[in-house]
Amino acid sequence: MRLRPPSPALVVACLALAISLSGTAYAVSTALPRNSVGQLQLKNNSVDSAKVKNATLRTADFAPGQIPAGPAGPQGPPGASGLQFISGSGVSNSNSPKTQQQDCPAGKKAVGGGAVITGTGTNTFISTSRPTDPGTGWTATGRESTGGNAGSWAVQTWVVCITAPS
């Protein structure tokens, strides 16, 4: 079987196709590079609302005060006020167990607290640290472990109090 050379018409058609495709590709790749159209290339008022795709703009795309505020929501409840930290320490001796309670002033609630052993802390630990049952103070108990502690130690408590909204 013998191959025939392509006809001149086929060669011209293929060349024309290759040239037209390469010219279009060149124009697309060089005439408008990515992110090349900006404020300098756009005429005033050339981009309007009809030419911007919905939901594509962000708050940062607008000048301060350009977007009107929406309606105000309902008033929330009043927050806490009157933050106060109170601490106290019990008797310092070698007796075990020891309980120390720190109460908030009248009208305030406890929102946190804690305890620590002060003095000679060898063989001692905090066994309980919690809010009081009515929630108006903090209580803690310290104990000696089985090894005992001949030194003086005490339980110190802290309570964080607030004026709670009613």
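Colleague: Why is the disulfide of Cys-104 and Cys-161 called left-handed?

Modeller: The torsion about their S-S bond is about -90°, so the disulfide is left-handed. This is a predicted model, where local features need pLDDT of at least 70, side-chain atom pairs count only at pLDDT 80 or more, and totals for chains, interfaces and linings use all residues. Residues are numbered from 1 along each chain as its sequence is written, and side-chain values use heavy atoms, with hydrogens and water left out.

Colleague: What makes Cys-104 and Cys-161 a disulfide?

Modeller: A disulfide is a pair of cysteine sulfur atoms within 2.5 Å. The sulfur atoms of Cys-104 and Cys-161 are 2.1 Å apart, so they form one. The structure holds one disulfide.

Colleague: Where in the chain are the two cysteines?

Modeller: Cys-104 lies in the loop between β2 (98-103) and β3 (109-119), and Cys-161 in strand β6 (residues 153-163), 57 residues apart. Strands are DSSP runs (E, at least two residues), numbered from the N terminus.

Colleague: Are Cys-104 and Cys-161 buried or exposed?

Modeller: Both are buried, a word for under 20% relative accessible area, with exposed over 50% and partly exposed in between (1.4 Å probe, protein chains only).

Colleague: Why is Gly-82 called partly exposed?

Modeller: Its relative accessibility is 36%, which falls between 20% and 50%, so Gly-82 counts as partly exposed. Gly-82 is found in strand β1 (residues 81-89).

Methods. Helices (H or I, at least four residues) and strands (E, at least two) are DSSP runs, numbered from the N terminus.
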